Amino acid sequence: MQINIRPPAVQDIPYLYEICLKTGKAGEDASALFKDPYMLGQYYAAPYAFYPDSICFIAAEDGIPQGYIVCAPDTEDYGKWLEKSWLPLLRERYPQPYPAEKIASETESRMALVFHKQHPVPQPAWYALYPAHLHIDLLKTIQGKGWGRRLMESLWSALSERKVPGLHLGVNRTNTGALAFYKKMGFSSLAEDEGGFTLGKALS
Ligand SMILES: CC(C)(COP(=O)(O)OP(=O)(O)OC[C@H]1O[C@@H](n2cnc3c(N)ncnc32)[C@H](O)[C@@H]1OP(=O)(O)O)[C@@H](O)C(=O)NCCC(=O)NCCS
C-alpha cells in the first residue's frame, strides 16, 4: 500500500463527496444526518475541484483518495464564482422551503439553507491578512500518520509561491482533534461564536 500526495483529477470527484460525508459531523461520520449523501460535498468539497483558481491536494492510497485539502486563495473571488457558476443549479435542486420528507436531521435542514446564502459574504477586518480559506478531511484509516501535516505543508508552499499572505478556516468547537491539529500547525483564533472558531495563520 503506497500513499502519495497529488493534485485532484475528475475521477476523484465521487471520493471527495464520500470523504466529506464520512468526516462531516465535527470530524466523525455524518451519514446518519443526511438523506442526501451529496449535500455536504456540494458545498465543502466538490466546488473546489472546479473553481479555476483553487489549490487542492489529494492523499491517495494506491491511487484511491483517502483525504484532501481544498483551498481558495482569494475567498472573495471564490464567493463571486460560487454565486455565478456553482450555486444557481443547487438552489433549484435544494429549494426553500426544503420538503420535510427529504430531511433526516436539523443539520440537513440547515445545510439546504446554505445554498441560498448570498456570496461573496461580507468579510471582517482581518480578511486582508488571511484571504485564503481551506478545508481538510482525511478518512480515519490514514489519520494520525502525518498526512494532514503533509497536505497542509503542500498547500502552504503553493500559497507562498502565489504570495498569498495568510489563510483561515472554520472549525466546530466540539472537534477537539482538529483543534489540536490546527494548534500544532500554528493557527490561532481570529474569531469565535457559539458554534466554533475561525482560525488563521500568516504565511511568511
Ligand atoms: C484533523 C486532521 C486533518 C489531522 O490530520 P492527521 O493526518 O490526522 O494529523 P497528523 O498526523 O498530520 O498530525 C499532525 C500533528 O497534529 C497533531 N494531531 C493531529 N490530530 C490530533 C488529535 N486528534 N489530537 C491531538 N493532536 C493531534 C499530531 O500529534 C501531530 O503533531 P506532531 O507533528 O507534533 O507529531 C484529520 O485527523 C482529519 O481529517 N480529521 C477528520 C476530519 C476533520 O475533523 N477535519 C477538520 C474539519 S475543520
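## A walk through the model, strand by strand

Select strand 1 (residues 3-6) and strand 2 (residues 55-61) to start: they pair in the antiparallel sense over 4 bridges, where pairing takes at least two DSSP bridges between the strands. Helices here are DSSP runs of H or I of at least four residues, strands are runs of E of at least two, and both are numbered from the N terminus. Residue numbers count from 1 along each chain as its sequence is written. This is a predicted model, so local features need pLDDT of at least 70 and side-chain atom pairs count only at pLDDT 80 or more, while totals for chains, interfaces and linings use all residues.

**Zoom out**

Show the whole cartoon for a moment. The protein has 7 helices and 7 strands, and from the N terminus they run β-α-α-α-β-β-α-α-β-α-β-α-β-β. The radius of gyration is 16 Å against 17 Å from the globule rule for 204 residues, so the protein is as compact as a globular protein of that length. (That radius is taken over C-alpha atoms, and the rule is 2.2 Å times the number of residues to the power 0.38.) Along the principal axes, the C-alpha trace spans about 45 × 45 × 30 Å.

Strand 2 and strand 3 (64-72) pair in the antiparallel sense over 7 bridges, and they form a hairpin with 2 residues between them.

Is D62 buried or exposed? D62 is exposed, because 9 other C-beta atoms lie within 10 Å. The scale: 20 or more other C-beta atoms within 10 Å means buried, 12 or fewer means exposed, and anything in between is partly exposed, with C-beta atoms placed from the backbone. Strand 2 itself is mostly covered, with 6 of its 7 residues buried.

**Into the core**

Next, select Y68, I69, C71, L134 and L155. In the largest nonpolar core, which has 52 residues, these touch the most other members. Strand 2 gives the largest share of this core, 6 residues. Such a core is a set of buried Ala, Val, Leu, Ile, Met, Phe, Trp, Tyr and Cys residues joined through C-beta atoms within 7 Å.

Center on L134. Leaving out residues up to four places away in sequence, L134 touches I69, V70, C71, L155, L167 and L169; contact means C-beta atoms, placed from the backbone, within 7 Å.

Color helix 1 (residues 13-22) and pick out its buried residues: Y15, L16, I19, C20 and L21. They pack against helix 2 (39-44), helix 3 (46-50), strand 3 and strand 4. In helix 3, select A46. With 20 C-beta neighbours inside 10 Å, A46 counts as buried. Beyond its neighbours within four places in sequence, A46 is in contact with I13, L16, Y17 and G41.

Then step into the loop between helix 1 and helix 2 to find A26. A26 has a positive phi, near 50 degrees, in a residue other than glycine. A26 counts as partly exposed because it has 16 C-beta neighbours inside 10 Å.

**Around the ligand**

Which residues are closest to the ligand? Of the 19 that surround it, the closest are G27, G148, R149, G177 and A180; a residue is near if its C-beta atom, placed from the backbone, lies within 6 Å. Strand 4 (132-138), helix 6 (147-161) and helix 7 (176-184) each give two or more residues to this shell, and the largest share, 5 residues, comes from helix 7.

**Strands 5, 6 and 7**

Select strand 7 (residues 196-202), which pairs in the antiparallel sense with strand 5 (residues 166-172) over 7 bridges. Pick L167 and you will find K201 as its bridge partner in strand 7. Strand 6 (residues 188-192) also pairs with strand 7 in the antiparallel sense, over 4 bridges, with E192 opposite F197. Strands 6 and 7 make a hairpin with 3 residues between them.

**Last stops: two cis peptides**

Find the bond joining Q96 and P97: the peptide is cis, with omega about -5 degrees. P97 lies in the loop between helix 4 (75-93) and helix 5 (106-114). Then move on to H119 and P120, also joined by a cis peptide bond with omega about -5 degrees. P120 sits in the loop between helix 5 and strand 4.

Technical notes: Contact = placed C-beta atoms within 7 Å.
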